[in-house]
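Me: Could you take a close look at one part of this model for me, the nonpolar patch on the surface, and then walk me outwards from there?

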Amino acid sequence: MAVTTNGAGEPAGTTREPAGSSDVARRRRDGEGGVLNVFSHGVLLLWALMVTLPLLWAVMSAFKTDKEIFTSPWSLPGGLHVDAWGRAWSEAHMGEYFLNSLIVVAGSLFGTMLLGSMAAYVLARFTFPGNRFIYFLFVGGMSFPVILALVPLFFVMKNLQLLNTYPGLILVYIAYSLPFTIFFLSGFFRTLPTSVAEAAMIDGASHTRTFFQVMLPMAKPGLISVGIFNFLGQWNQYLLPTVLNVGDDRMKLLPQGLVALAVSQGYKGDWSGLFAGLVMAMLPVLAAYIVFQRQVQAGLTAGALK
């Protein structure tokens, strides 16, 4: 059977692409990708400036005098004036408030991570009647506005004689943070391999030992990620301690102290002291994120990678 060919020796009806068309298409795609990269990098750069410039300005203002803050607010400080830090730490009692926040957040964060990880592990790895109901009950707690519970919460804590106490705030913070913790960690525990837990059980490990010695270390990225989020939320919490710490200035936490400092320093005109107190409140949060930055990113992307 004869095959009809064109002048180039190819079968008849074959359409040849113009020379260099593939190069043109590739250059077009590269150009579009380059424009997209420039746009995305520009947006990220703008966002970084919007976040970092106010922080840097607050740090610079903490080392300035009040006159420098008003006369040259955007310039570098003429010298490192650290007396504002001393006034904020002692006269404004920021040291006491800092210690109170440290005690409350440390206790509540430990309790939240322990109870939340245990509950999330059971809900994610075991099947029993009411599993989904309990899970969605915790998820529903995330959508419940805490402001609606303030009045009954106040009277419950009053009847238990837990107002103006560390244990009272710690228990409330744990209850406030558990829904998000369980929701986050239950999804993370589902991504962990079942074969590892089964191997531990075959070797004779109990459920408790399997959880604490096998599964919990494997969930370290997720634990650090949700721990950072809980730390941020509990450290910056203002509404709950304002309602539960009534009439006792010695039990104020750092957010309450900052508000009181802003009001009092506004009348005194000690703006450098106000900025120094603000930087004191920001430093633990910045330090925690800088130290655990890689673990947070690994925890947020672990579920997608698996």
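Reply: The patch is made of Phe110, Leu114, Leu115, Met118 and Phe212, which together put about 460 Å² of accessible area on the surface. A patch here takes residues with over 30% relative accessible area and no salt bridge, joining nonpolar side chains (Val, Leu, Ile, Met, Phe, Trp, Tyr) within 5 Å and like charges within 9 Å. Areas come from the Shrake-Rupley method with a 1.4 Å probe, and for residues only the protein chains shown count as cover. Helix α4 (residues 94–125) gives the patch its largest share, 4 residues. Helices are DSSP runs of H or I, at least four residues long, strands are runs of E, at least two long, and both are numbered from the N terminus. Met118 sits in α4 and is partly exposed at 34% relative accessibility. On that scale, buried is under 20%, exposed is over 50%, and partly exposed is in between (1.4 Å probe, protein chains only).

Before going on, a word on the ground rules. This is a predicted model, where local features need pLDDT of at least 70 and side-chain atom pairs count only at pLDDT 80 or more, while totals for chains, interfaces and linings use all residues. Residues are numbered from 1 along each chain as its sequence is written, and side-chain values use heavy atoms, with hydrogens and water left out.

Now step back along the chain from α4. His93, in the loop between α3 and α4, has a phi near 60°, a positive value in a residue other than glycine. Its relative accessible area of 35% makes His93 partly exposed. Asn164 also has a positive phi near 60°; it lies in the loop between α6 (150–159) and α7 (166–190) and is partly exposed at 23%. Most residues other than glycine have a negative phi.

Helix α3 (residues 83–91) holds both Asp83 and Arg87, 4 residues apart, about one turn of the helix. Their side chains meet in a salt bridge at 3.2 Å, N to O, and the structure holds 1 salt bridge. The term means a side-chain nitrogen of Lys or Arg within 4 Å of a carboxyl oxygen of Asp or Glu. Asp83 is partly exposed at 47%, and so is Arg87 at 21%.

Then there's the inside. The largest nonpolar core has 26 residues, and Ala62, Trp85, Met94, Phe231, Trp235, Leu254 and Ala276 touch the most other members. A core is a set of buried Ala, Val, Leu, Ile, Met, Phe, Trp, Tyr and Cys residues joined through side-chain atoms within 4.5 Å. Two or more residues each come from α1 (21–62), α3, α4, α10, α12 (254–268) and α13 (271–291), with α13 giving the largest share, 9 residues. Leaving aside residues up to four places away in sequence, Ala62 touches His81, Ala84, Trp85, Ser272, Phe275, Ala276 and Val279, a contact being heavy atoms within 4.5 Å. Apart from this core lies another, of 19 residues, including Ala120, Leu123, Phe211 and Leu223.

Last, α10 (residues 220–235): its 16 residues should span 22 Å at 1.5 Å a residue, and its end C-alpha atoms are 22 Å apart, which agrees. The expected span is 1.5 Å times one less than the number of residues. Among the buried residues of α10 are Leu223, Phe231 and Trp235. For the whole protein, the count is 14 helices and 0 strands, and 33% of the 306 residues are buried.
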